[in-house]
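This report describes selected structural features of a two-chain assembly.

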Amino acid sequence: MESFTVNGTPAEFEGYSSTPLLWVLRDHLKLKGTKFGCGIGQCGACTVHIDGKAVRSCITPVTAAAGKSVTTIEGLAPSEDRLHPVQMAWLEMDVPQCGYCQAGQIMAAAELLAGNSAPDDDTIDAHMTNICRCGTYVRLRKAIHRASELAAEV
Amino acid sequence: MSAVSISRRRLLVTGLTAAGGFAVGLPAGLIAANGESTQKQSGKIGFYVEVRPDNSIVIGSAQPEIGQGVKTSLPMLVAEELEVPWEAVSIEQMPLGIVKTADGYTWKYGGQGAGGSTSVTGAWEFLREVGATAREMLIRAAAQRWSVPRGRCRAKAGYVVCDDSGDRASYADLAADAAQLTPPEEAPPLKPQSEFRLVGTPRNVVDARDIVTGKARYGIDTEVPGMKYAVIQRAPVLDARVASIDDSETRKVPGVLNVFEVEGPGKGAPYHILAAGVAVVAESQWAAFEGRRKLRVEWTQSPWANENTDSFWQQTDELLAGKGQVVRDDGDFDAAIAAAENTVTRRYKVPFVNHAPLEPQNCLAHVQEDKAHIIAPTQMPGGAMRAVAGVTDLEPDQITVEMTRVGGGFGRRLTNDYVAEATIVSKHTGMPVKLQWSREDDVQHDFYRPSGQHELRAGLDAGGRVTAWTHRLASAGKYYRRANVPPEEQFGAEIYVDDFPAGIVENLRYEWLAVNSGVPRGSWRAPAHTANAFAVQSFIDEVAHAAGRDPIELRLELYGENRELKYGQHGGPTFNPWRLSRLLEHIAKEIGYTRERPEGRGVGIASHFTFGGYAAHAIEVEVGDDGTLEILRVVAAVDCGVVVNPRGVEAQLQGGTIDGLSTALNLKITFAEGRVQQSNFHDYPIARMAEIPRNIECHILPYGKTPTGMGEMGIPTAAPALTNAIYNACRIRIRELPIADQLRERLT
């Protein structure tokens with residue numbers, strides 16, 4: 001049995017210990033925001049935070065979350081009315097097209113900004129390795145810069 | 001199914017909703033062939049527009065939203081004529097709507113489907129008429145209430161006002177009265193472009209907030225009570241069948257419920273599903289994947305066990321050495337080429353590629369005795385219904401299809417094979433089943449973009465003018481195993497006979513040669529155009545260089561005057577090459593085309609007409625001595641007629657550019673012994689942010705009075721502009737995609 005918190009709420013999982021965290025979140029805890037894109041950690045659609053660190057949950061066994069604090073896209077915003085600066089910037093710059101990759105992109109960007117409040121483009125390139133099949137990268141990059149500004153305003 | 005083509009506005013009906021709102025839509029009852037309603041309204045209207053009691057507006061979106069933005073742009077058309085503030089509008093995704101008529105079935109909400117970049121064009125008049133009709137009825141209701149002539153009243157931002165008296169009433173207030181009126185026989189006059197307040201203004205994606213908060217629901221997110229999870233182990237070799245199944249280890253996996261064979265398409269028969277396989281049904285997604293991992297399946301010998309990429313190219317070489325099917329023959333090509341002062345002959349190779357939408361295929365199917373319910377990401381909900389009907393005994397009106405947001409389409413979800421699979425599994429188990437594909441399933445089973453080798457030959461006169469042109473294509477066409485396409489028509493998906501330079505170069509021949517291949521092929525974003533634009537736009541550059549002419553100047557000469565040429569294929573009925581000239585001149589100026597570049601730097605351009613839209617790219621690159629390629633600048637321009645949502649058009653132009661570049665740089669699907677060699681994103685490396693230029697400069701040049709689509713227009717010119725730029729930078733001509741290591745190999 002694995003115990004951990006998800007978005008501040010205690011959670012437990014009693015299935016296979018090898019079950020990737022992704023499927024525990026989606027199917028067991030019904031948190032559908034985190035997506036499945038490749039299953040081998042290549043695309044990043046499954047990105048969540050464990051104790052603030054971004055991980056690709058499709059290759060992270062649920063055991064790795066034991067005793068820790070998991071944050072998914074559903075828990076990123078401070079409250080129902082207040083979005084995270086990354087989410088606000090994403091809306092301002094109208095980043096999404098099909099939208100499927102965006103939860104993972106946002107979680108990756110949020111982690112980047114938590115550690116580096118004003119990343120330059122080279123840093124963004126190195127950190128943001130999530131795949132966007134629709135090609136929203138131009139607006140995505142602008143949104144990260146904008147999020148950095150918004151976070152500084154708070 | 002027949003389209004609801006004749007005066008659809010005659011079929012618009014209205015009513016009062018249970019909550020006291022005013023709804024306008026198409027009748028949910030029977031519609032006879034003569035267009036009259038033969039059954040009273042059941043009270044539920046196939047609605048398009050609903051005015052709620054709080055004066056907010058709900059607009060129904062009938063088309064699949066696959067990231068192309070129609071869930072935003074189409075409702076804008078309704079809202080424009082309805083005269084409501086965009087902030088007061090919310091959008092609901094409508095399901096598949098079909099209705100039984102006296103002689104078959106027809107669309108309830110008009111045609112539904114996202115393919116060929118037709119949504120905006122198809123809805124342009126109809127949805128504005130819907131909005132105008134609703135507005136007109138609200139105005140009439142107000143005029144009646146105030147006992148003033150209708151002409152004294154006008155609609156403004158969700159209210160009807162009478163300027164004379166100063167009377168004012170909200171749409172919500174007028175709802176009950178408006179619902180009593182009969183919809184007008186004729187559509188009210190539509191606004192002229194000069195009066196648009198909403199159309200042409202930049203609007204954000206309507207679901208953006210749900211997307212960034214993780215609330216947006218895709219097919220993969222579907223969950224219904226009692227649902228089971230299924231995966232299918234498909235034959236890894238083309239057209240192999242199941243020989244034996246050892247599921248002993250699979251059944252030991254906790255949560256696995258059932259294992260059974262799924263029969264594939266018959267030999268040479270249309271693909272109702274892509275492959276034979278073995279289904280594993282389980283209580284959870286992970287158990288299904290784990291169970292499948294433990295499955296041991298033996299497959300029969302495939303008839304295509306010898307198919308590999310090398311033999312494919314060899315076959316194209318052999319075919320091009322012979323004679324093919326001449327599909328267009330203007331003037332006298334043979335005489336003209338014989339008389340030419342100079343001839344240029346080149347060959348180009350375009351590989352198979354995978355659609356790779358980021359959401360792998362999936363479908364929820366619940367099949368029961370007398371009905372079936374489908375929830376799926378699809379580009380063709382009518383096709384989804386037919387897929388279900390094809391593997392059950394159900395009638396169309398026993399099948400309901402709900403459309404989720406789609407995590408990318410790109411043409412993959414035009415075929416509903418995964419819907420058929422889910423239906424088969426649900427029918428077999430008697431339970432609601434969500435069938436899920438893994439990424440490996442998706443990379444290794446697809447209706448791939450057709451691969452082919454192009455041979456182009458041009459004759460030039462002493463003045464460097466093109467006097468003869470032939471385009472010969474040996475390819476594995478996408479009409480392979482399509483039921484209703486005889487062999488002599490299969491070329492139609494590969495060569496569009498009115499494509500440039502047809503109708504321009506007098507002595508011209510197009511020829512197609514059919515490659516024999518077991519690879520399933522289908523529509524990949526801008527079908528045939530990505531391949532043909534690469535070949536033609538590369539070749540025209542090579543012709544220019546051979547003739548000592550400037551590539552833009554040669555194109556402008558060929559494109560010629562502002563005039564409409566006949567264009568009988570999708571995107572017609574006409575093609576105006578001057579609209580490409582207009583774009584080329586614009587981007588040439590933007591990128592500083594004539595400016596001297598240092599050694600190792602070059603600019604390339606390309607222009608193409610795709611399905612009614614015009615686009616061009618100018619790309620500047622630097623090629624290092626070691627073959628490293630850096631894309632310095634991309635200027636993209638599009639003419640998609642009237643622009644409905646400029647933010648959406650720009651997104652599609654950026655996205656199409658990136659798709660074109662990513663595919664040209666690194667992507668191909670290859671075969672060995674009848675098997676796909678790639679399996680996931682580590683060996684099918686879709687470009688990440690770092691590999692794409694940081695900015696893509698977008699220029700939208702509007703034209704005329706009607707919109708074209710935008711989903712596919714931005715792709716075809718990216719690859720040839722890039723390879724033309726590479727040539728100009730370092731005199732290396734890339735004639736085979738993807739570019740991959742070719743520069744490094746040639747320079748080191």
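## Sheet, backbone and interface

In this predicted model, strand β9 (residues 159–162) of chain B pairs with β10(B) in the antiparallel sense over four bridges. Within this pairing, Y159(B) has S170(B) of β10(B) as its bridge partner. The two strands belong to an open sheet of three strands in chain B, ordered β8-β9-β10, with antiparallel pairing. Because β8 (153–156) and β10 (167–170) of chain B each have a single partner strand, they form the edges of the sheet, and one side of each is left without a neighbour there. From one strand to the next, the twist averages 25°. Helix α3 (residues 171–180) of chain B lies across β8, β9 and β10 of chain B and runs at about 80° to β10(B).

| Site | Feature | Angle |
|---|---|---|
| F500(B) to P501(B) | cis peptide bond | omega near 5° |
| G572(B) to P573(B) | cis peptide bond | omega about 15° |
| D51(A) | positive phi, not a glycine | phi about 50° |
| S117(B) | positive phi, not a glycine | phi near 55° |

Of the prolines in the table, P501(B) is placed in the loop between β23 (466–475) and β24 (507–514) of chain B, while P573(B) lies in the loop between β25 (565–566) and β26 (574–575) of chain B. D51(A) is found in the loop between β3 (47–50) and β4 (53–56) of chain A. The loop that holds S117(B) runs between β7 (104–107) and α2 (119–146) of chain B. With a relative accessible area of 14%, S117(B) falls under the 20% limit and is therefore buried.

Turning to the interface, 53 residues of chain A are in contact with 63 residues of chain B. The area buried between chain A and chain B is about 4,900 Å², and carbon and sulfur atoms give 58% of it. Eight salt bridges are found across the interface of chain A and chain B. One of them joins the side chains of R133(A) and D659(B), at 3.0 Å from N to O. On the side of chain A that touches chain B, the elements giving two or more residues are α1 (21–28), α2 (85–92), α3 (102–115), α4 (121–127) and α5 (137–153) of chain A. The most is given by α5(A), with six residues.

Note on methods: Residues numbered from 1 in each chain as written. Chains lettered and ligands numbered in written order. Predicted model: local features only at pLDDT ≥ 70, side-chain atom pairs only at ≥ 80, totals over all residues. Heavy atoms only, no water. Pairing = 2+ DSSP bridges. Axes fitted to C-alpha atoms, helices over the stretch in contact; angles between N-to-C directions. Contact = heavy atoms within 4.5 Å. Buried < 20%, exposed > 50% of the residue type's maximum accessible area, 1.4 Å probe, protein only. Buried area = accessible area lost by both parts, 1.4 Å probe. Salt bridge = Lys/Arg side-chain N within 4 Å of Asp/Glu carboxyl O.
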